[in-house]
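This briefing covers helix packing, nonpolar cores and strand pairing in the structure shown below. Please keep the sequence and the 3D view at hand while reading.

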Amino acid sequence: MPNRNIGVAIDGATGRLGTTQHLKALLAIRGEGGLPLKNGDRLIPEPLLLGRSAEKLEALAAASGGLRWSTDRDACLGDKMVVIYFDAAPTGGRTERVLSAIAAGKAVYTEKPAAETLEQALSLAGAAKNAGVKNGTVQDKLFLPGLKKLRKLYEANYFGRILSIKLDFGWWVFDGDLYPSQRVSWNYKRETGGGLILDMFAHWRYVFDRLLGPIASVSCSAMTAQLRRRDEIGNWYDVDVDDHAFAIFELEGGVLAQVSSSWASRVKRNDLLQIQVDGTAGSAVCGLHRCFVQPLIATPRPFMDSENPQPMVFDEQWQEMPALLPFVNPYREGWELFLHHVAEDGPFPSPILEGAKGVQLAEACHQSQRERRWIDLEELSV
């Protein structure tokens with residue numbers, strides 16, 4: 001079968017997601033001989049590492065089998081071998097970077113959030129549409145095994161009528177003093193596009209819109225839990241964004257969802273992300289990889305006794321769904337979809353306009369916080 005090479009410039013390649021997820025996914029596809037296309041060809045991704053630190057890029061390129069690398073974004077965008085520009089760099093400055101790639105005629109794929117503001121996100125979607133370039137945003141959480149199992153329950157009409165949804169997410173992110181922080185400092189600075197709501201509610205928007213039910217309206221309250229943190233070189237700085245948020249989503253049809261998200265909460269549940277869906281016919285609780293169900297017929301009838309401890313162990317009364325599908329890295333699944341989209345016009349469900357919806361939700365949450373009221377989400381278009 002003939003091979004077709006396709007150049008992919010990874011901006012922010014030495015960052016956490018750039019290295020451990022996206023580059024890893026592309027190298028896995030390449031290492032298995034490429035992505036099979038409908039005409040029998042195999043599409044071979046050829047990553048080009050792009051970033052600011054020549055030392056880090058050179059080391060990563062060498063460790064990855066001798067990949068090409070550059071600190072010159074304009075030169076990369078002028079390279080005819082580069083077909084796709086992927087942005088995994090910090091959110092701040094994403095609009096300018098992606099607009100440059102669109103102007104250069106590259107297909108563009110970007111991490112979430114799509115931009116710092118809704119106006120910027122819509123400008124990117126409009127620019128890509130006017131230029132006629134393929135475009136997309138990452139929606140990796142949909143490809144997690146736990147959420148795939150939850151999707152199967154929806155497809156099987158397992159729940160009956162949905163009554164309520166609860167999403168709990170978060171963990172304790174150290175401030176960099178006692179132990180190193182697990183998140184980079186730009187996540188905690190407004191000027192670089194930081195903030196939990198902007199970062200994480202982009203995920204919740206597509207998870208609800210494509211799995212749990214479209215969001216019609218939102219009420220939200222947030223705070224800055226850890227006011228000061230140490231950066232990567234040990235200097236203290238003031239946190240000027242939210243890192244702790246609670247929201248209620250009203251879905252189309254009236255179902256209410258409780259959403260708690262935090263970078264300052266210690267975990268006492270089965271996973272960092274847990275989604276519970278309750279329906280008239282049954283309930284389900286899923287994490288990143290596992291999913292448990294309890295149908296109506298197997299629902300217990302507990303008794304609350306003020307004098308004695310609860311005798312029931314509720315966790316034991318749920319049945320775990322088996323893993324019937326092979327595991328595929330969620331980021332790789334997204335890349336395979338986008339590569340098919342670019343190479344043979346295959347369907348791609350998350351163009352930049354879909355990414356803009358995540359930014360819209362973040363802005364609605366901030367507006368709800370300021371004005372202390374419900375905010376409706378209007379339909380977006382370009």
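Predicted model: local features only at pLDDT ≥ 70, side-chain atom pairs only at ≥ 80, totals over all residues.

Helices α4 and α5 are roughly parallel to each other, because the angle at which they pack, about 5°, falls under the 35 degrees that counts as roughly parallel.

**The α4–α5 pair**

- Helix α4 spans residues 94–103 and helix α5 spans residues 118–131, and the axes of the two lie 10 Å apart.
- On the α4 side the contact is made by T95, V98, L99 and I102, while α5 contributes Q120, S123, L124, A127, A128 and A131.
- Sorted by class, the residues in this contact of α4 with α5 comprise 7 nonpolar and 3 polar ones, with no charged residues.
- In an α-helix, residues three or four places apart point the same way, because there are 3.6 residues a turn.

**V98 within α4**

- V98, which has its place in helix α4, counts as buried because its relative accessible area is 2%, against a cut-off of under 20%.
- Setting aside residues up to four places away in sequence, V98 touches Y85, D87, V108, L124 and I352.
- V98 and A114 are separated by 16 residues in sequence, and their C-alpha atoms are 9.5 Å apart in space.

- Within helix α6, which covers residues 145–155, the buried residues include P145, G146, L147, K149, L150 and L153.
- The elements that cover the buried residues of α6 include the helix α7 (196–212) together with β14 (273–279), β15 (282–286) and β16 (291–295).
- The axes of α6 and α7 cross at roughly 30° and come within 11 Å, in a contact formed by L147, L150, R151 and Y154 of α6 and by V207, R210, L211 and L212 of α7.
- By class, this contact of α6 with α7 holds 6 nonpolar and 2 charged residues but no polar ones.
- Just after α6, N157 adopts a positive phi of about 55°.

**The nonpolar cores**

- The largest nonpolar core has 76 residues, of which L150, F201, W204, F208, F249 and I275 touch the most other members.
- Helix α7 gives the most to this core, with 11 residues.
- F201, leaving aside its neighbours within four places in sequence, is in contact with L196, A245, A247, F249, V259, S261, L361 and C365.
- Another core, of 29 residues, lies apart from the largest one, and among its members are L35, L37, A88 and W335.

- Strand β16 is largely enclosed by the rest of the structure, because 4 of its 5 residues are buried.
- Strands β15 and β16 pair in the antiparallel sense over 5 bridges, and a hairpin of 4 residues joins β15 to β16.
- Within this region, the bridge partner of G282 is P295, which belongs to β16.
- Strand β16 is also joined to strand β17 (residues 319–320) by 2 bridges, and these two strands run antiparallel.
- Opposite V293 stands Q319, a residue of β17.

Note on methods:
Residues numbered from 1 in each chain as written. Heavy atoms only, no water. Axes fitted to C-alpha atoms, helices over the stretch in contact; angles between N-to-C directions. Parallel < 35°, antiparallel > 145°, perpendicular 65-115°, else oblique. Contact = heavy atoms within 4.5 Å. Nonpolar A, V, L, I, M, F, W, Y, C, P; charged D, E, K, R; others polar. Buried < 20%, exposed > 50% of the residue type's maximum accessible area, 1.4 Å probe, protein only. Core = buried A, V, L, I, M, F, W, Y, C linked by side-chain atoms within 4.5 Å. Pairing = 2+ DSSP bridges.
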